[in-house]
Amino acid sequence: MGLRLGPGPVFVYEWLTATRCWQLYAMRTSFVGMILVGMMLAHRRPHGDEDGRVTLRELASYGAQLYQSTVVIELMLILLAAPAATAGAVCLDGARGTLDHMLATDLSNAEIVLGKLGVRLIPVLGLIASILPVVALSTLLGGIDPLALAGSFLVAVGCAVLGSSLALTLSVFGRKPHEVLVMTYMILVVWLFSPVILAIAHEVGVGPPPPAGTSGGLWTFLHDAAEWSNPFVLAVAPYRRPGTVGIETYAGFLAGCLLGSAALTGLATARVRRVSLSRVGRPQRRRRLRLIRPSWLPRLPGPSMDDNPVAWREWHRSRPTLMMRVGWGLYAALGIFWLWVVGMPSVEPTAARVAIASTVQVTIGLFLLSTQAATSLAEERVRGSLDVLLSTPMSTRSILAGKWWGSYRRILSVAIWPALLSISLLLDGGSWAAYLALLGLVLAYGAAITSLGLALATWVSRPGWAVAWCVAIHLAWMVVWPFVAWPFAVLAARLRISEFWMIFGAPPPYGVLAGTIAVSRESVVVRGLVLTTIVPPIIAWIMGIWGLAGVLFLWVVGTFDDCLGRIPETADWSTSARPPQRPRPRSPAGPTAHVPSAAGPELDEEHATARRIEGEGV
């Protein structure tokens, strides 16, 4: 095996195929559009002085707000886009069998792993490079620290490299892209929420944390380490904590991310061949803990095989793997932590505390659900088992309904947490109607995401792109909707109608926040305006979101046959013994005219000789 200089065959081939896909440019356009939305969020018209002149202080204040909103949205998108672009790098090739072909060649493990990592990391770094000139030009307004600008660029590069390497390493050990995404996102969630979790746990369990700069033992060291390793804290530290960070802090963060990425890439390089060879000819084993079920305990309800075989198959075959169990186990551990915080005797279960906990838990759960919504149908398209299903006499509507219910049942793992967290408010005199409306709203969110995932799996042939688009549309829904509702909220504020603020409740975070406040029967005061929450707007959102989910499902039913190449159910061949054939072409000269034969010029010459002999009367 000789030493190759240059990027290598894997990088060159996958880079040529990646640059020819329209999804790459659509992702770049969507990324810049989301940054534009962030700039619009920070935009406000300076009032100026009596003559209408804008002061330098107001321009600097606007520049600082513009920087912070842009950098926060940029980091959020990078942490979502980098794992989504790399999650299927190895596991999809393993499912198709192309990874075994690469391992059979003289390609080294490093060429395969580094080539795949480089192809997927360069577009993410291009997204960061497309934002840097925009923020750099904003420094002309004033209020943007050049140190903060350079530091945010280093932080974004570190997050992109670390997120891509983590997803690639998990892709070596995982079998499906959504398993890798769930595990990657939960590791990132634990990393980002570790300062908050440590601070709350210390305040609730031990007492208030010691002041900054004093020795507080191991607990303070862990809290400070988790806080200063958080990219969002570092990005806004020059404004929130002036004088506490320097360029060496950002360089250290980037160095730590590069060292972690190198360790993860080395692990993937060392294990990719061994893991792939261990799976050759061996089906996936699922270890389940078998418990003895008492005879008096009823079985959990499930779909009947006679009613819908696809739903029955999805219900019984979709057993979680070890990686999925660990990912959802981390999600459950976070929910148990919020229950512990709310249920502590020293903590009063106020509506704001419960609402924040429910909003964070449901938002994370719906993101995990969006990574799995498109996989049930997309993976069967890759394996080819969907063609077998399409050859059965089952109708298209029955097939899609079974797939829909198989994916929708995962919403129960998300809806249980707001139900448990809001019980404390309900026992303190809360509203039962608002409680049921809150649960119905979470179920409606799950229905919309499930229909969206099913639609994208039908319209997009690649599973990785289908999952990435589902996550991106879900995020865009949460970010773009406030701009749609903002004019109505301004009108409600001028008319002093406090209930109309609930128009923001369409996306998951705002809807769960409003629903939890409605359970407590409390009001929220924002800038002197008393905001109250009532149940009828929540019911209206439930009906609207369920209607959207139904429209998406019917749209998929109408386009499924064309996208998958299935014969429409309206086609009727019963009136004919055989399918209609293409008519034979006829010449204007009459029925005896010669039609060129498809057998070749030799047979055409024989036909011409026979007609000449017949004309001569021989």
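Reader: How many cavities of 30 Å³ or more does the count come to?
Author: A cavity is a set of points on a 1 Å grid over the protein atoms alone, where a 1.4 Å probe fits but cannot get out. Points are joined across faces, edges and corners, and the volume is the space filled by probe spheres set on them. By this rule, the number of cavities of 30 Å³ or more is two.

Reader: What kind of model is this?
Author: Residues are numbered from 1 along each chain as its sequence is written, and side-chain values use heavy atoms, leaving out hydrogens and water. Local features need pLDDT of at least 70 and side-chain atom pairs count only at pLDDT 80 or more, while totals for chains, interfaces and linings use all residues, since the model is predicted.

Reader: Of the residues in the protein, what share is buried?
Author: A residue is called buried under 20% relative accessible area, exposed over 50% and partly exposed in between, with a 1.4 Å probe and protein chains only. The protein has 618 residues, and the buried share of them is 46%.

Reader: How many helices and strands does the protein have?
Author: Helices (H or I, at least four residues) and strands (E, at least two) are DSSP runs, numbered from the N terminus. Counted in this way, the protein has two strands, and its number of helices is 24.

Reader: Which helix supplies the largest share of the lining of the largest cavity?
Author: The largest cavity holds about 60 Å³ of space, and its lining residues, those with an atom within 4 Å of a point, are Val71, Glu74, Ile128, Ile131, Leu132, Val135, Leu149, Ser152 and Phe153. With Ala, Val, Leu, Ile, Met, Phe, Trp, Tyr, Cys and Pro taken as nonpolar, Asp, Glu, Lys and Arg as charged, and the others, Gly among them, as polar, the lining divides into seven nonpolar residues, one polar and one charged. At least two lining residues come from each of α3 (56-86), α6 (109-138) and α7 (146-173). The largest share, four residues, is supplied by α6.

Reader: How far apart are the end C-alpha atoms of helix α14?
Author: Helix α14 (residues 351-373) is mostly covered, with 20 of its 23 residues buried. At 1.5 Å a residue, those 23 residues should span 33 Å, and this agrees with the separation of the end C-alpha atoms, which is 32 Å.

Reader: Leaving aside its neighbours within four places in sequence, which residues is Arg410 in contact with?
Author: Arg410 lies in the loop between α17 (396-408) and α18 (412-421), and because its relative accessibility is 18%, Arg410 counts as buried. Contact means heavy atoms within 4.5 Å, and, leaving aside neighbours within four places in sequence, the contacts of Arg410 are Leu369 and Gln372.

Reader: Not counting residues up to four places away in sequence, what does Val479 touch?
Author: Val479 is found in helix α21 (residues 463-494), and its relative accessible area of 17% is why Val479 is buried. Its C-alpha atom is separated by 8.5 Å from that of Pro507, 28 residues apart along the chain. Once residues up to four places away in sequence are set aside, Val479 touches Met34 and Val37.

Reader: How far apart in space are Leu426 and Thr516, C-alpha to C-alpha?
Author: Leu426 has its place in helix α19 (residues 423-427), and with a relative accessible area of 9%, Leu426 is buried. Leaving aside neighbours within four places in sequence, Leu426 is in contact with Ser431, Trp432, Tyr435 and Val519. Leu426 and Thr516 are 90 residues apart in sequence, and their C-alpha distance in space is 9.9 Å.

Definitions and conventions. 1 Å grid on protein atoms, 1.4 Å probe; cavity = no way out; pocket = protein on both sides within 12 Å on 5 of 7 lines; lining within 4 Å. Expected span 1.5 Å × (residues − 1).
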